[in-house]
Amino acid sequence: MEHSRRDFIKAAGLAALAGATMKTGILSASPEGKEPFTLAPLPYAADALEPYIDRQTMEIHHGKHHKAYVDNLNKAVAGTALAGMTLEQLMAGMSKHPAAVRNNGGGHYNHTMFWKLMSPAGGGEPTGKIAELINRDLGGFNTFKEQFSSAALSRFGSGWAWLVIRDGKLEIGSTANQDNPLMDLSDFKGKPVLALDVWEHAYYLKYQNRRKDYIENFWKVVNWSEVNRLVGK
Ligand code: MN
């Protein structure tokens, strides 16, 4: 019974999607990461990162905050010359785009990356290429961890801490609001390989004003295989 109900809901959803595709023809753009941008499900259950990140925070953070960035980005680019651009293309020319594209495009890009950078199987010390680069460029894992945590802790107000590759070298930095190192207008640039959201909405329910504890626990869920995937070969 439950099964057939689910099938019915699925079929109804597909029919609605098919209708939307025929009407607007825009859904075909999705696989290339263009408008309409979509909210991918979390790559794990909402409670999978407990006790470090609680279920309610994950549900609101992904289902409300990230969803709002996606919806508002779609509204901001609809019917403009920006419709049809990929997220990466939008980031690269951000100095020319309206604030709504900067805030919501950044928000969509950053959160999409952030969910995958955590995993219930994560934590511990990195191995592989990222471990080599951390040793070569940042004085080893403990020094790196201290510096990244400090960048996350000292970012005033809302923003993100980043580990990027720039000119072949790892660098640590942070950005305000939903800016990121791919935006042409950012002071801190590079190819992001690790990101930490330090907006209060990312931790306040569980940690209140204790951003430091949230950052400390982030290390227990970092998905180093995803970091290595982003680093490439
Ligand atoms: Mn966030």
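Contact here means heavy atoms within 4.5 Å. The views show a predicted model in which local features need pLDDT of at least 70, side-chain atom pairs count only at pLDDT 80 or more, and totals for chains, interfaces and linings use all residues. Residues are numbered from 1 along each chain as its sequence is written, and side-chain values use heavy atoms, with hydrogens and water left out.

View A. Helices (H or I, at least four residues) and strands (E, at least two) are DSSP runs, numbered from the N terminus. Buried denotes under 20% relative accessible area, exposed over 50%, and partly exposed in between (1.4 Å probe, protein chains only). Helix α9 spans residues 224-231, and because 6 of its 8 residues are buried, the rest of the structure largely encloses it. Those buried positions are Trp-224, Glu-226, Val-227, Asn-228, Leu-230 and Val-231. Their packing partners are the helices α4 (99-116), α5 (128-138) and α6 (141-154), together with the strands β1 (159-166) and β3 (191-197).

**View B. The manganese site.** Donors are N, O and S atoms within 2.8 Å of the metal (3.2 Å for Na, K and Ca); water is not among the atoms, so sites may look incomplete. The manganese ion has as protein donors His-61 (NE2), His-111 (NE2), Asp-197 (OD) and His-201 (NE2), at 2.0 to 2.1 Å. The sequence spacing of these donor residues is H-x49-H-x85-D-x3-H. Both Asp-197 and His-201 are buried.

**View C. A salt bridge between Arg-102 and Asp-179.** A salt bridge is a side-chain nitrogen of Lys or Arg within 4 Å of a carboxyl oxygen of Asp or Glu. In this pair, the N to O distance is 2.8 Å. The pair joins distant parts of the chain, 77 residues apart: Arg-102 belongs to helix α4, whereas Asp-179 lies in the loop between β2 (169-176) and β3. Arg-102 is partly exposed at 31% relative accessibility, while Asp-179 is buried at 10%.

**View D. Further salt bridges.** The whole structure contains 6 salt bridges. One of them pairs Asp-137 with Arg-136, with 2.7 Å between the closest N and O atoms. Asp-137 is buried, at 16% relative accessible area, but Arg-136 is exposed, at 51%. Arg-210 and Asp-213 also form a salt bridge through their side chains (3.2 Å, N to O). Arg-210 is partly exposed at 36%, and Asp-213 is partly exposed at 35%.
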